[in-house]
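Hi,

Here is the structure we talked about handing over. Please load it first, then read the notes below.

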Amino acid sequence: MELTKLLPLIISNNELHAKWLNTLSLMENTGARKISACEDPLTVTYIILKHAAEEHRHAFYLKKQIEKVEGYPCPTYQPDYLLAPAQSRYYLNQLDIGVCRYLKRQLGLKGKDLRFAAYLLVTYAIEVRADELYPIYQEALEKAGSKVNVKSIILEEEGHLEEMITQLKNFSQDWQLHAGKAVELEAGLFHNWIEALATGLTL
């Protein structure tokens, strides 16, 4: 099922919508934590700190948006408060593993060089996805007349993508080749995630 068809079904049901917001919050928080985990204690840059802080803020903002969906608080990230909990929880980890394997095989990277390169490629792929997902979600929210709003996230994610491209250009002349592989890996995970979401809605 396509995201454009899936989201109206989710938004029309308060319980599903609250869990959707909580699921997005979980994934933003996971991303923020992974960014922080790859930081070098001595050479961490302004951009990395900024990016981690903004991803944490997105996680918090999405949690706050749940208050606009009446009757279904989602106090934690426990499975009962998520959609497709297993796929959602391990989405980024699976992408990170796939990208690390690629970088080891293609570039022979290891240690902190591997962690930083994986941060660049994984984050790029996720920002490409966010630049697609959040505008589609916002459009669906507006059509449904929902009080929920993600416009502020859309603006920041656009900035993140530009920042990642700048960093990737400094990382490698072949950045587009490597970034394309990360996007390819993410596309497979995204397809599986959407299928899991759709299956969950029919239960």
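Tryptophan 20 has a relative accessibility of 0%, so it counts as buried. Bear in mind that this is a predicted model.

What does tryptophan 20 touch, leaving out residues up to four places away in sequence? The list is Leu3, Leu7, Ile10, Leu83, Leu133, Tyr137, Trp193 and Leu197.

Trp193 deserves a look of its own. Tryptophan 193 is buried too, at a relative accessible area of 2%. The ring centres of tryptophan 20 and tryptophan 193 are 5.8 Å apart and the planes meet at 25°, so this pair is stacked. The pair links distant parts of the chain. Tryptophan 20 belongs to helix H2 and tryptophan 193 to helix H7, 173 residues apart.

**Other aromatic groups**

In total, the structure holds 6 aromatic pairs. One aromatic cluster is formed by Trp20, Tyr91, Tyr137, Phe190 and Trp193. Phe190 also has a charged neighbour: arginine 129 lies over the face of phenylalanine 190, 3.6 Å from the ring centre.

Another pair is phenylalanine 116 with tyrosine 119. Their ring centres are 5.9 Å apart and their planes are at 40°, so the pair is tilted. Both residues are in helix H5. They are 3 residues apart there, so about one helical turn separates them. Buried or exposed, what is tyrosine 119? Tyrosine 119 is buried, with a relative accessible area of 5%. Phenylalanine 116 is partly exposed, at 34%.

**The nonpolar core**

The largest nonpolar core has 61 residues. Trp20, Leu103, Tyr134, Tyr137 and Trp193 have the most contacts inside it. Which helices give two or more residues to this core?

- H1 (3–11), H2 (14–37) and H3 (46–65)
- H4 (85–107) and H5 (111–144)
- H6 (151–171) and H7 (175–201)

H5 gives the most, with 15 residues. As background, nonpolar side chains tend to be buried together in soluble globular proteins.

**Helix H7**

The geometry of H7 checks out. At 1.5 Å a residue, its 27 residues should span 39 Å; the end C-alpha atoms are 38 Å apart, which agrees. The buried residues of H7 are Trp175, His178, Ala179, Ala182, Glu186, Leu189, Phe190, Trp193, Ile194, Ala196, Leu197 and Ala198. H1, H2, H4, H5 and H6 are among the elements that cover these buried residues.

Leucine 62 is in helix H3. Its relative accessible area is 0%, so leucine 62 is buried. Beyond four places away in sequence, leucine 62 touches Leu21, Leu24, Ser25, Glu28, Tyr134, Val150 and Ile153. For leucine 24, the separation from leucine 62 is 38 residues in sequence and 7.1 Å in space, C-alpha to C-alpha.

Glutamate 54 is found in helix H3 as well. Its relative accessibility is 10%; the cut-off for buried is under 20%, so glutamate 54 counts as buried. Which residues does glutamate 54 touch, not counting those up to four places away in sequence? Glutamate 54 touches Glu156 and His160.

Best wishes

Definitions and conventions. Residues numbered from 1 in each chain as written. Predicted model: local features only at pLDDT ≥ 70, side-chain atom pairs only at ≥ 80, totals over all residues. Heavy atoms only, no water. Core = buried A, V, L, I, M, F, W, Y, C linked by side-chain atoms within 4.5 Å. Buried < 20%, exposed > 50% of the residue type's maximum accessible area, 1.4 Å probe, protein only. Helix = DSSP H or I, 4+ residues; strand = E, 2+ residues; numbered from the N terminus. Contact = heavy atoms within 4.5 Å. Phe/Tyr/Trp six-rings, centres within 6.5 Å; stacked < 30°, edge-to-face > 60°. Lys NZ or Arg CZ within 6 Å of the ring centre and 35° of its normal. Expected span 1.5 Å × (residues − 1).
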